Amino acid sequence: MKLEAVRIPPRLQGFAAGGGDVFDVTLAGASVAAIEPSTQAARGTLLSGLVDAHAHIDKNYTVREVGAAEGNLFAAIERMAAHRAHWTADSLRTRMQRALREAWFAGTRALRTHLDWGGAEAPVSLAVFEALRDELRGRVELQFVALTPLDVFADLAASERVAQTVKRAGGVLGAFVYRNDGIVHKLGRVFDLAQEYGLALDFHVDEGLDVEATGLRTIAQLAIARGLHGRVTCGHACSLSVQDDTTANATLALCAQAGIHLIALPTTNLYLQGAWNRTPVQRGITRIREAAAHGLRASLGTDNVQDAFYPYGSYDLVETFGLGVQMGHLAPAADWLDTITVSPARALGLAWDGRIAPGCPADFVLLAAADEYELLDPRGRRRTVIRAGRTLEHTE
(Lines give C-alpha, C1' and ligand atoms only; values in the text may rest on other atoms or scores of the structure.)
Protein backbone atom coordinates (compact mmCIF):
# COMPACT_ATOMS: atom_id res chain seq x y z
CA MET A 1 0.00 0.00 0.00
CA LYS A 2 1.16 3.51 -0.78
CA LEU A 3 -0.20 6.61 0.92
CA GLU A 4 0.40 9.47 -1.48
CA ALA A 5 0.69 13.17 -0.68
CA VAL A 6 0.04 13.06 3.04
CA ARG A 7 1.07 15.68 5.58
CA ILE A 8 3.02 14.32 8.53
CA PRO A 9 2.94 16.87 11.37
CA PRO A 10 6.46 17.90 12.45
CA ARG A 11 6.09 16.56 15.99
CA LEU A 12 5.18 13.15 14.57
CA GLN A 13 8.14 13.01 12.20
CA GLY A 14 10.73 10.44 13.25
CA PHE A 15 12.83 10.86 10.13
CA ALA A 16 14.91 13.56 8.45
CA ALA A 17 12.19 15.53 6.68
CA GLY A 18 14.45 18.13 5.12
CA GLY A 19 11.97 20.85 5.87
CA GLY A 20 9.16 19.17 3.93
CA ASP A 21 5.77 18.23 5.30
CA VAL A 22 4.07 16.36 2.41
CA PHE A 23 5.25 12.83 1.73
CA ASP A 24 4.54 9.56 -0.03
CA VAL A 25 4.55 6.72 2.51
CA THR A 26 5.07 3.15 1.29
CA LEU A 27 3.87 0.32 3.49
CA ALA A 28 5.22 -3.22 3.34
CA GLY A 29 3.08 -5.59 5.32
CA ALA A 30 2.62 -4.35 8.87
CA SER A 31 5.35 -1.69 8.81
CA VAL A 32 6.55 1.37 6.91
CA ALA A 33 9.03 0.63 4.15
CA ALA A 34 9.84 4.14 2.93
CA ILE A 35 8.94 7.81 3.31
CA GLU A 36 9.77 10.13 0.42
CA PRO A 37 8.97 13.77 -0.35
CA SER A 38 5.86 14.13 -2.49
CA THR A 39 5.57 16.32 -5.56
CA GLN A 40 1.81 16.62 -5.14
CA ALA A 41 -0.38 18.89 -3.05
CA ALA A 42 -1.43 17.41 0.28
CA ARG A 43 -4.49 15.15 0.18
CA GLY A 44 -4.71 14.42 3.90
CA THR A 45 -2.94 14.34 7.26
CA LEU A 46 -1.29 11.18 8.55
CA LEU A 47 -1.27 10.46 12.28
CA SER A 48 0.07 7.47 14.14
CA GLY A 49 -2.63 5.40 15.84
CA LEU A 50 -4.33 7.42 18.56
CA VAL A 51 -3.58 6.85 22.25
CA ASP A 52 -6.12 7.61 24.98
CA ALA A 53 -4.21 8.10 28.23
CA HIS A 54 -7.19 8.72 30.52
CA ALA A 55 -10.63 7.11 30.22
CA HIS A 56 -13.33 5.57 32.45
CA ILE A 57 -14.85 2.66 30.57
CA ASP A 58 -16.39 1.23 33.74
CA LYS A 59 -18.83 4.10 34.36
CA ASN A 60 -19.70 5.27 30.86
CA TYR A 61 -23.18 5.30 29.25
CA THR A 62 -24.92 5.56 32.63
CA VAL A 63 -26.18 9.15 32.49
CA ARG A 64 -29.76 8.08 31.76
CA GLU A 65 -29.86 6.26 35.10
CA VAL A 66 -27.88 8.70 37.25
CA GLY A 67 -28.51 12.09 35.66
CA ALA A 68 -26.03 14.79 34.73
CA ALA A 69 -24.29 16.56 37.63
CA GLU A 70 -24.14 19.96 35.87
CA GLY A 71 -20.96 21.32 37.36
CA ASN A 72 -20.99 19.52 40.69
CA LEU A 73 -18.01 17.16 40.88
CA PHE A 74 -18.90 15.69 44.25
CA ALA A 75 -22.54 15.16 43.29
CA ALA A 76 -21.28 13.17 40.32
CA ILE A 77 -19.02 11.12 42.60
CA GLU A 78 -21.92 10.36 44.95
CA ARG A 79 -24.28 9.40 42.14
CA MET A 80 -21.78 7.08 40.54
CA ALA A 81 -20.97 5.48 43.90
CA ALA A 82 -24.64 4.67 44.41
CA HIS A 83 -24.94 3.31 40.89
CA ARG A 84 -21.73 1.28 41.24
CA ALA A 85 -23.28 -0.77 44.04
CA HIS A 86 -25.50 -2.40 41.40
CA TRP A 87 -22.87 -3.04 38.73
CA THR A 88 -22.62 -6.61 37.46
CA ALA A 89 -20.06 -8.29 35.29
CA ASP A 90 -22.59 -8.51 32.46
CA SER A 91 -23.58 -4.84 32.56
CA LEU A 92 -19.95 -3.77 32.78
CA ARG A 93 -18.91 -5.96 29.88
CA THR A 94 -21.66 -4.51 27.67
CA ARG A 95 -20.61 -0.92 28.38
CA MET A 96 -16.90 -1.59 28.22
CA GLN A 97 -17.18 -3.46 24.93
CA ARG A 98 -19.18 -0.60 23.45
CA ALA A 99 -16.50 1.90 24.47
CA LEU A 100 -13.63 -0.17 23.11
CA ARG A 101 -15.38 -0.86 19.83
CA GLU A 102 -16.01 2.86 19.35
CA ALA A 103 -12.40 3.68 20.20
CA TRP A 104 -11.13 0.99 17.81
CA PHE A 105 -13.04 2.31 14.82
CA ALA A 106 -12.06 5.91 15.68
CA GLY A 107 -8.41 4.88 15.36
CA THR A 108 -7.29 4.32 18.96
CA ARG A 109 -4.47 1.81 19.30
CA ALA A 110 -3.98 2.01 23.08
CA LEU A 111 -6.17 3.08 25.98
CA ARG A 112 -5.66 3.45 29.72
CA THR A 113 -8.80 3.30 31.82
CA HIS A 114 -9.25 4.15 35.47
CA LEU A 115 -11.36 1.64 37.40
CA ASP A 116 -13.30 2.86 40.44
CA TRP A 117 -11.66 1.09 43.41
CA GLY A 118 -13.26 2.11 46.68
CA GLY A 119 -11.35 0.00 49.20
CA ALA A 120 -9.16 -3.03 49.79
CA GLU A 121 -11.12 -5.46 47.62
CA ALA A 122 -10.83 -5.40 43.85
CA PRO A 123 -13.96 -4.16 42.06
CA VAL A 124 -15.99 -6.45 39.82
CA SER A 125 -14.82 -4.37 36.88
CA LEU A 126 -11.25 -5.69 37.20
CA ALA A 127 -12.09 -9.24 36.11
CA VAL A 128 -14.13 -7.90 33.19
CA PHE A 129 -11.27 -5.64 32.18
CA GLU A 130 -8.75 -8.49 32.35
CA ALA A 131 -10.90 -10.65 30.09
CA LEU A 132 -11.30 -7.86 27.54
CA ARG A 133 -7.58 -7.09 27.67
CA ASP A 134 -6.86 -10.70 26.74
CA GLU A 135 -9.47 -10.71 23.97
CA LEU A 136 -8.18 -7.51 22.38
CA ARG A 137 -4.48 -8.24 22.72
CA GLY A 138 -2.78 -7.37 19.45
CA ARG A 139 -5.57 -4.95 18.51
CA VAL A 140 -6.01 -2.32 21.26
CA GLU A 141 -3.39 -2.25 24.00
CA LEU A 142 -5.26 -1.84 27.29
CA GLN A 143 -4.00 -0.62 30.65
CA PHE A 144 -5.84 0.03 33.89
CA VAL A 145 -5.36 2.27 36.92
CA ALA A 146 -6.82 1.58 40.36
CA LEU A 147 -8.73 4.80 41.03
CA THR A 148 -8.70 4.74 44.83
CA PRO A 149 -9.64 7.57 47.23
CA LEU A 150 -6.44 8.90 48.75
CA ASP A 151 -7.84 8.45 52.26
CA VAL A 152 -7.76 4.67 51.76
CA PHE A 153 -3.97 4.93 51.94
CA ALA A 154 -4.23 5.93 55.61
CA ASP A 155 -5.19 2.27 56.19
CA LEU A 156 -1.96 0.30 55.90
CA ALA A 157 -3.58 -3.10 55.41
CA ALA A 158 -6.17 -1.93 52.89
CA SER A 159 -3.68 -0.01 50.78
CA GLU A 160 -1.26 -2.94 50.84
CA ARG A 161 -4.05 -5.15 49.49
CA VAL A 162 -4.77 -2.69 46.69
CA ALA A 163 -1.11 -2.59 45.67
CA GLN A 164 -0.78 -6.37 45.73
CA THR A 165 -3.83 -6.80 43.51
CA VAL A 166 -2.70 -4.12 41.08
CA LYS A 167 0.71 -5.77 40.83
CA ARG A 168 -0.81 -9.19 40.18
CA ALA A 169 -3.10 -7.82 37.49
CA GLY A 170 -0.38 -5.82 35.75
CA GLY A 171 -1.88 -2.42 36.44
CA VAL A 172 -1.00 1.07 37.61
CA LEU A 173 -1.48 2.40 41.13
CA GLY A 174 -3.60 5.53 41.41
CA ALA A 175 -5.52 7.82 43.74
CA PHE A 176 -8.02 10.66 43.71
CA VAL A 177 -6.23 13.63 45.30
CA TYR A 178 -8.00 16.86 46.21
CA ARG A 179 -7.21 18.86 49.35
CA ASN A 180 -7.13 15.76 51.59
CA ASP A 181 -6.23 16.04 55.26
CA GLY A 182 -2.71 14.71 55.83
CA ILE A 183 -2.08 14.80 52.11
CA VAL A 184 1.72 14.55 52.33
CA HIS A 185 1.62 11.51 54.60
CA LYS A 186 -1.00 9.71 52.49
CA LEU A 187 0.77 10.46 49.23
CA GLY A 188 3.98 9.25 50.83
CA ARG A 189 2.26 5.94 51.47
CA VAL A 190 1.23 5.71 47.79
CA PHE A 191 4.84 6.27 46.77
CA ASP A 192 6.05 3.72 49.33
CA LEU A 193 3.81 1.08 47.78
CA ALA A 194 4.78 2.04 44.23
CA GLN A 195 8.44 1.57 45.09
CA GLU A 196 7.86 -1.65 47.03
CA TYR A 197 5.88 -3.28 44.22
CA GLY A 198 7.53 -1.63 41.22
CA LEU A 199 4.36 0.13 40.10
CA ALA A 200 3.86 3.20 37.96
CA LEU A 201 1.58 5.91 39.37
CA ASP A 202 -1.37 7.77 37.85
CA PHE A 203 -3.26 10.38 39.87
CA HIS A 204 -6.49 12.33 39.54
CA VAL A 205 -5.20 15.54 41.09
CA ASP A 206 -6.58 19.01 41.87
CA GLU A 207 -9.75 18.49 39.82
CA GLY A 208 -11.35 21.78 40.75
CA LEU A 209 -10.85 25.53 40.71
CA ASP A 210 -9.67 25.87 44.30
CA VAL A 211 -6.53 27.99 44.34
CA GLU A 212 -5.39 26.19 47.51
CA ALA A 213 -5.37 22.77 45.83
CA THR A 214 -1.67 22.00 45.43
CA GLY A 215 -1.55 18.22 45.25
CA LEU A 216 0.31 18.38 41.95
CA ARG A 217 3.22 20.20 43.58
CA THR A 218 3.42 17.62 46.38
CA ILE A 219 3.36 14.74 43.89
CA ALA A 220 6.15 16.32 41.85
CA GLN A 221 8.25 16.85 44.98
CA LEU A 222 7.76 13.24 46.04
CA ALA A 223 8.59 11.94 42.57
CA ILE A 224 11.86 13.89 42.64
CA ALA A 225 12.72 12.78 46.18
CA ARG A 226 11.98 9.11 45.39
CA GLY A 227 13.78 9.06 42.05
CA LEU A 228 10.66 8.07 40.10
CA HIS A 229 11.43 10.22 37.07
CA GLY A 230 8.98 9.57 34.24
CA ARG A 231 6.97 7.04 36.26
CA VAL A 232 4.18 9.37 37.37
CA THR A 233 1.14 10.59 35.43
CA CYS A 234 -1.20 13.33 36.65
CA GLY A 235 -4.60 14.01 35.15
CA HIS A 236 -6.74 17.17 35.46
CA ALA A 237 -4.62 19.66 37.52
CA CYS A 238 -7.41 22.22 36.97
CA SER A 239 -6.46 24.35 39.96
CA LEU A 240 -3.21 25.24 38.20
CA SER A 241 -5.30 27.45 35.91
CA VAL A 242 -6.48 29.72 38.75
CA GLN A 243 -3.18 30.05 40.61
CA ASP A 244 -0.99 33.07 39.96
CA ASP A 245 1.68 32.74 37.27
CA THR A 246 4.58 32.56 39.70
CA THR A 247 3.04 29.73 41.72
CA ALA A 248 1.86 27.79 38.67
CA ASN A 249 5.20 28.07 36.89
CA ALA A 250 7.09 26.96 39.99
CA THR A 251 4.90 23.85 40.12
CA LEU A 252 5.39 23.17 36.41
CA ALA A 253 9.16 23.49 36.84
CA LEU A 254 9.01 20.80 39.51
CA CYS A 255 6.85 18.64 37.22
CA ALA A 256 9.43 19.00 34.47
CA GLN A 257 12.21 18.00 36.86
CA ALA A 258 10.16 14.97 37.93
CA GLY A 259 9.26 13.97 34.37
CA ILE A 260 5.55 14.12 35.19
CA HIS A 261 3.20 13.15 32.36
CA LEU A 262 0.39 15.73 32.39
CA ILE A 263 -3.05 14.80 31.02
CA ALA A 264 -5.67 17.45 30.25
CA LEU A 265 -9.32 16.44 30.00
CA PRO A 266 -11.17 19.16 28.10
CA THR A 267 -14.65 17.65 27.82
CA THR A 268 -15.24 16.79 31.47
CA ASN A 269 -13.49 19.79 32.94
CA LEU A 270 -15.17 22.30 30.66
CA TYR A 271 -18.48 20.78 31.77
CA LEU A 272 -17.78 20.36 35.50
CA GLN A 273 -15.65 23.38 36.36
CA GLY A 274 -16.89 26.96 36.44
CA ALA A 275 -20.28 28.52 37.18
CA TRP A 276 -23.62 27.00 36.21
CA ASN A 277 -25.80 29.90 37.36
CA ARG A 278 -24.38 32.14 34.63
CA THR A 279 -22.12 31.89 31.61
CA PRO A 280 -18.82 30.46 32.95
CA VAL A 281 -15.66 32.51 32.61
CA GLN A 282 -13.14 30.01 33.98
CA ARG A 283 -12.46 27.13 31.63
CA GLY A 284 -11.26 24.36 33.93
CA ILE A 285 -8.37 23.22 31.75
CA THR A 286 -4.82 22.96 33.03
CA ARG A 287 -1.96 25.11 31.73
CA ILE A 288 -1.06 23.17 28.59
CA ARG A 289 0.88 25.94 26.86
CA GLU A 290 2.84 26.91 29.97
CA ALA A 291 3.67 23.23 30.56
CA ALA A 292 5.06 23.04 27.02
CA ALA A 293 7.27 26.04 27.74
CA HIS A 294 8.80 23.95 30.55
CA GLY A 295 9.36 21.03 28.18
CA LEU A 296 6.24 19.10 29.27
CA ARG A 297 4.15 18.12 26.26
CA ALA A 298 0.72 17.33 27.72
CA SER A 299 -1.75 14.75 26.48
CA LEU A 300 -5.47 15.15 25.82
CA GLY A 301 -7.69 12.31 27.02
CA THR A 302 -11.31 11.29 26.63
CA ASP A 303 -12.10 11.02 30.36
CA ASN A 304 -15.85 10.54 30.93
CA VAL A 305 -18.40 9.60 28.29
CA GLN A 306 -22.15 9.86 28.89
CA ASP A 307 -22.13 9.58 32.67
CA ALA A 308 -22.78 11.94 35.60
CA PHE A 309 -19.40 13.63 35.16
CA TYR A 310 -19.91 14.36 31.46
CA PRO A 311 -23.25 13.46 29.87
CA TYR A 312 -22.14 13.73 26.24
CA GLY A 313 -19.19 12.72 24.12
CA SER A 314 -17.64 9.66 22.53
CA TYR A 315 -14.33 7.82 22.25
CA ASP A 316 -13.19 9.84 19.25
CA LEU A 317 -9.92 11.48 20.25
CA VAL A 318 -9.97 13.70 17.17
CA GLU A 319 -13.10 15.38 18.53
CA THR A 320 -11.46 15.68 21.95
CA PHE A 321 -8.47 17.27 20.25
CA GLY A 322 -10.70 19.82 18.53
CA LEU A 323 -12.21 20.92 21.82
CA GLY A 324 -8.79 21.09 23.45
CA VAL A 325 -7.49 23.31 20.65
CA GLN A 326 -10.33 25.76 21.22
CA MET A 327 -10.23 25.65 25.02
CA GLY A 328 -6.48 26.02 25.31
CA HIS A 329 -5.88 28.26 22.30
CA LEU A 330 -3.49 25.64 20.93
CA ALA A 331 -2.18 27.16 17.74
CA PRO A 332 -1.12 26.29 15.15
CA ALA A 333 -3.40 23.30 15.74
CA ALA A 334 -1.20 20.92 13.74
CA ASP A 335 1.66 21.58 16.18
CA TRP A 336 -0.43 20.00 18.94
CA LEU A 337 -1.36 16.69 17.31
CA ASP A 338 1.23 15.05 19.57
CA THR A 339 -1.30 15.48 22.41
CA ILE A 340 -3.26 12.47 21.11
CA THR A 341 -0.37 10.47 19.69
CA VAL A 342 3.25 10.86 20.84
CA SER A 343 2.73 12.37 24.31
CA PRO A 344 0.20 9.80 25.55
CA ALA A 345 2.24 6.96 24.01
CA ARG A 346 5.16 8.06 26.17
CA ALA A 347 2.94 8.46 29.23
CA LEU A 348 1.74 4.88 28.82
CA GLY A 349 5.25 3.58 28.16
CA LEU A 350 4.27 2.03 24.83
CA ALA A 351 6.88 0.23 22.76
CA TRP A 352 6.27 2.65 19.86
CA ASP A 353 6.24 6.32 20.80
CA GLY A 354 4.05 7.20 17.82
CA ARG A 355 6.67 8.98 15.74
CA ILE A 356 6.37 8.03 12.08
CA ALA A 357 9.52 6.70 10.41
CA PRO A 358 10.68 3.86 8.16
CA GLY A 359 10.35 0.62 10.07
CA CYS A 360 7.60 1.85 12.41
CA PRO A 361 4.29 -0.04 12.67
CA ALA A 362 1.80 0.72 9.91
CA ASP A 363 -0.92 1.68 12.39
CA PHE A 364 -2.28 5.02 11.27
CA VAL A 365 -5.19 7.39 11.13
CA LEU A 366 -5.36 9.17 7.78
CA LEU A 367 -7.51 12.28 8.14
CA ALA A 368 -9.08 13.97 5.12
CA ALA A 369 -7.80 17.35 6.39
CA ALA A 370 -5.34 18.71 3.84
CA ASP A 371 -4.13 21.42 6.21
CA GLU A 372 -4.53 22.46 9.84
CA TYR A 373 -7.55 24.64 9.12
CA GLU A 374 -9.55 21.56 8.14
CA LEU A 375 -8.59 19.54 11.22
CA LEU A 376 -11.65 20.64 13.15
CA ASP A 377 -14.31 20.58 10.42
CA PRO A 378 -16.54 17.58 9.60
CA ARG A 379 -14.91 16.89 6.24
CA GLY A 380 -11.42 17.13 7.64
CA ARG A 381 -12.24 14.71 10.48
CA ARG A 382 -13.27 11.98 8.03
CA ARG A 383 -10.69 9.27 8.30
CA THR A 384 -9.24 6.03 7.08
CA VAL A 385 -7.96 3.80 9.87
CA ILE A 386 -5.04 1.56 8.95
CA ARG A 387 -4.11 -1.39 11.14
CA ALA A 388 -1.00 -3.46 10.45
CA GLY A 389 -0.88 -2.05 6.93
CA ARG A 390 -4.49 -2.81 6.06
CA THR A 391 -7.50 -0.50 5.90
CA LEU A 392 -9.97 -1.12 8.68
CA GLU A 393 -13.49 -1.60 7.38
CA HIS A 394 -16.26 -0.27 9.62
CA THR A 395 -19.10 -2.66 9.02
CA GLU A 396 -21.78 -0.75 10.95
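Tutor: Two strands count as paired if DSSP finds at least two bridges between them. Keep in mind that this is a predicted model.

Student: What holds the strands of a sheet together in general?

Tutor: Strands of a sheet pair through backbone hydrogen bonds, either parallel or antiparallel. Here, eight strands form an open sheet with parallel pairing, in the order β5-β6-β7-β8-β9-β10-β11-β12. The edges are taken by β5 (50-55) and β12 (299-300), each of which has a single partner strand, so one side of each has no neighbour in the sheet.

Student: Over how many bridges do β6 and β7 pair?

Tutor: Strand β6 (residues 108-116) is joined to strand β7 (residues 141-147) by seven bridges, in the parallel sense. For L115, the bridge partner in β7 is A146.

Student: Which helix gives the largest share of the lining of the largest pocket?

Tutor: Helix α2 (residues 73-84) does, with six residues. By class, the lining of the largest pocket has twelve nonpolar, seven polar and seven charged residues.

Student: What is the volume of the second largest pocket, and which residues lie nearest its centre?

Tutor: The second largest pocket holds about 260 Å³ of space. It has 14 lining residues, with I285, T286, E290, M327 and G328 nearest the centre. Two or more lining residues come from each of α10 (288-293) and α11 (317-328). The most come from α10, which gives three. The lining of the second largest pocket divides into four nonpolar, six polar and four charged residues.

Student: Last, a single side chain. Is N269 buried or exposed?

Tutor: The cut-off for buried is under 20% relative accessible area. N269 has a relative accessible area of 1%, so N269 is buried. This residue lies in helix α9 (residues 266-272).

Student: Which residues are in contact with N269, leaving aside its neighbours within four places in sequence?

Tutor: Those contacts are E207, H236, C238, R283 and G284. With E207, the side chain of N269 also makes a polar contact of 3.5 Å, side chain to side chain.

Technical notes. Residues numbered from 1 in each chain as written. Predicted model: local features only at pLDDT ≥ 70, side-chain atom pairs only at ≥ 80, totals over all residues. Heavy atoms only, no water. Helix = DSSP H or I, 4+ residues; strand = E, 2+ residues; numbered from the N terminus. Nonpolar A, V, L, I, M, F, W, Y, C, P; charged D, E, K, R; others polar. 1 Å grid on protein atoms, 1.4 Å probe; cavity = no way out; pocket = protein on both sides within 12 Å on 5 of 7 lines; lining within 4 Å. Points joined across faces, edges and corners; volume = space filled by probe spheres on them. Buried < 20%, exposed > 50% of the residue type's maximum accessible area, 1.4 Å probe, protein only. Polar contact = N/O pair within 3.5 Å; in protein donor to acceptor, adjacent residues only side chain to side chain. Contact = heavy atoms within 4.5 Å.
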